[in-house]
Amino acid sequence: MNWISVLTQTLEQALGPSAVIYCLAAIGLNVHFGYTGLLNFGQAAFMMVAAYSLGSLVSKAGWNFWLTILVGLAAAVVLALLLGVPTLRLRADYLAIVTIAAAEAVRLVLGSVTLKKYFNGQDGVFGFTDSFAALNPFNSSMGFSFGDNTVSWRPYQFFVIVTGWTVVAICCLIVFLLMRSPWGRVLKGIREDEDAVRSLGKNVYSYKMQSLVIGGLFGALAGFYSGLAYSNASPSDFVAETTFYAYTILLLGGAARVLGPVVGAIIFWGFLSGLDLVFDKLTGGGDPILPAWIMTSSQASLMRLIALGLVLMLLMIYRPQGIFGNRRELALDAR
Amino acid sequence: MRKRLTAIGLLLFACLALVLIAAPAAGADVAATASSPSAAETCKKPPQRDDDTIHIVGCLTDTRDDPPSPVEGVKLTVVDEAGKKVAEGTSDATGRFDLKLPGTAFDVLGNTYTVEIDPDTFPEGSYLTNPGDIKNQVHIQIDTDIAINYDIGPDVTTDDPLWDQALDNLISGLFAGLLLAVAAIGLSLVFGTTGLTNFAHGELISFGALAAFLFNAELGLHTILAGILAVLVSAAFGFGQDVGLWKPLRKRGTGIVAMMIITIGLSIFLRNVYQYFIGADAHQYTDYTTVVPWEIGSVSITPKDLLVALVCVIVLVVVSLAVQLTRLGKATRAVSDNPALAASSGINVDLVITVVWTVGTALAGLAGFLFGLTQGLDYQVGFKLLLLVFAAVTLGGLGSIWGAMIGGVLIGLLIEVSTLWIPSELKYVGALVVLILVLLVRPQGLLGRPERVG
């Protein structure tokens, strides 16, 4: 049994495309939840409309790749407005219910047989990455090595990762600058005490809407990267769990911290794939370490999700501020 | 304080252990096999052929007779993709027809043909039971004869079809709605008394369905008995959850939003634990798998559905009366109204909340069991219902018990009746859109108190 391969594969995942995608989604949630206190449980919908705008318009209508990126961002803005208008005046939990419902509705509609002509039903859209792949300067596997072991990615994957982490860095800078500004201080004020901010003459509704739109745009970027990394965007990529993973990442790294989502994403995917590989090794092969009556290999693949649920619960019970969060700054209670 | 928190950990292991005890070694696949009546001379099989051709064979039977009688003299034609007629034939005295496709098997493999039946050649007053059978597409993939059977029966399209379908949908919507109402009470009660939106409520519904399945399929108990046990175990599960997890957290002053995220963690945890033990396949209880529907006018209702609906109605009435008349029910409403005021007037708020968790989880478990009885179950049966339950509770008014019931029935009706106009794969979308519209127009829901909620 080669345990060192577990380590290298874990590293590949921890820095890989999935980490990029969920990091971007979590940056959006950080703006929503960490800074403004908005409980958006529909981040997957922002990702999906963006990824599908890109995928469908490029592959079905033959639009220019970069133009459709703009369309995808616009779609996320429209979605934010549609969700925000009925709910942002209401209590925090209403937004939670409406966003999770809207995300499910978007997923059902875009994945439906009725609209198969435009979005290919459950197969999802594909064949839209050519313009992006054409920019790829790498033509051999890239990575790094320590000792005899290498951590490497295929050329296209490496291109996605490099550009992805660059986009993440830019997004973090944007969030940093935004939250340092007077505008950002108003958002934090809304998170802590909405009425106090209102009494200072600020239009809380408008600020919340702006926050929802900006966080949604980060979600859209996550959607683009999801489509590009897998060369496909299908309804199963944007289920409710997608949003919940992004929340776990945000809370793991620490909400209301600029680099929280980055740290959270790396740890989350490292943890998840590490656990997966370990249980895979324990149950795989002709004479598995764990006998089949305790755990079969298909049961082993569930262990990481069981652990994930536990981690999310224990995190919120014992350390709600996450790894780097500041408990005093973030009173995790938006009521 | 530390002790309380270790209790949380203990509870998590306890619920794992609970499922372990009843763990199935392997999920039993229970398939419903429809019994097909066989008649002596009807559909008599022709002798085996031994040549390299492919035939489309089949049989026409009149299902109004018992056993079904053969229908003779009906003309059938086979048309190829270009629209050219390639074969035709009529059914014989045993109801059989045999249409030979031109050429050898090699020639026809991979082709698609349309088998058309001529309704003008039917006996007087007879029609296809399934009107869509008038044209059947067959794709020849393997070198064997293709079998198509037709059922002939009374005309199903003479009445206004939209009206008939609407009546059917109304009834199935009502049944679905009653189930949703039972499932929604727990969510609404917990929200009313603690302010917590429980995202793990779907898993409480699944818990009842799965517990009943384990009692039924693994321990061999009768389905009804298994269901009753499942409700009791659900109640214990709810009680344990509150005492072991939520009460310590409330005592600790954990915020509502943090608790909401804990429910999400719990939901992910439980759902995957369920899948760990029961697998990803769909299951059925062992009893009542085949039921003969009652035909009342143009509507067919299975006795099972009717019984389930009756149980729902009784439960809803009992819960309403209990909440309205008993001491504990009044205390529950008082806590929902204003926990601080209720506490200061001598109500034991913690006790009320524990009772609410226990009863709410038991009702959710009951709904899960009844849903599994009518539709089958898998590890995420409750998770799939969760958003509908949310829609029901929001429509009726978050925290209102009556609201949850009315909301449940309305959402059930809405999703079924809406299939008259929208594709049924999108029927849930209608409910979710209604949820959003309700918040736009009347955020407190139909029966909620108008209060400033933002």
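**Reading the interface and a strand**

Mentor: This is a predicted model. Across the interface of chain B and chain A, five residue pairs are in polar contact, both residues being at pLDDT 80 or more.

Trainee: Which elements of chain B give two or more residues to the side that touches chain A?

Mentor: They are helices H1 (2–21), H5 (223–252), H6 (256–278), H11 (381–396) and H13 (427–441) of chain B. H6(B) gives the most, with 16 residues. By residue class, that side of chain B divides into 34 nonpolar, 10 polar and six charged.

Trainee: How many salt bridges does the rule find across the interface?

Mentor: One. The side chains of A:Glu241 and B:Arg271 meet in a salt bridge at 2.5 Å, N to O.

Trainee: What is the area buried between the two chains, B and A?

Mentor: The size of an interface is often given as the accessible area lost when the parts come together. Here about 4500 Å² is buried between chain B and chain A, and carbon and sulfur atoms give 77% of it. B:Val257, B:Ile261 and B:Tyr276 supply 15% of the area that chain B buries against chain A, more than any other three residues.

Trainee: Now the strand. Is E1(B) mostly covered or uncovered?

Mentor: Strand E1 (residues 55–62) of chain B is mostly covered, with eight of its eight residues buried.

Trainee: Which strands does E1(B) join, and in which direction do they run?

Mentor: Seven bridges join E1(B) to E9(B) (residues 146–153), running parallel; B:Leu60 has B:Tyr150 as its bridge partner there. Five bridges join E1(B) to E5(B) (residues 96–100), antiparallel, with B:Val57 opposite B:Asp98. Two bridges join E1(B) to E2(B), also antiparallel, and these two strands form a hairpin with six residues between them.

Notes: Residues numbered from 1 in each chain as written. Chains lettered and ligands numbered in written order. Predicted model: local features only at pLDDT ≥ 70, side-chain atom pairs only at ≥ 80, totals over all residues. Heavy atoms only, no water. Buried < 20%, exposed > 50% of the residue type's maximum accessible area, 1.4 Å probe, protein only. Helix = DSSP H or I, 4+ residues; strand = E, 2+ residues; numbered from the N terminus. Pairing = 2+ DSSP bridges. Buried area = accessible area lost by both parts, 1.4 Å probe. Salt bridge = Lys/Arg side-chain N within 4 Å of Asp/Glu carboxyl O. Polar contact = N/O pair within 3.5 Å; in protein donor to acceptor, adjacent residues only side chain to side chain. Nonpolar A, V, L, I, M, F, W, Y, C, P; charged D, E, K, R; others polar.
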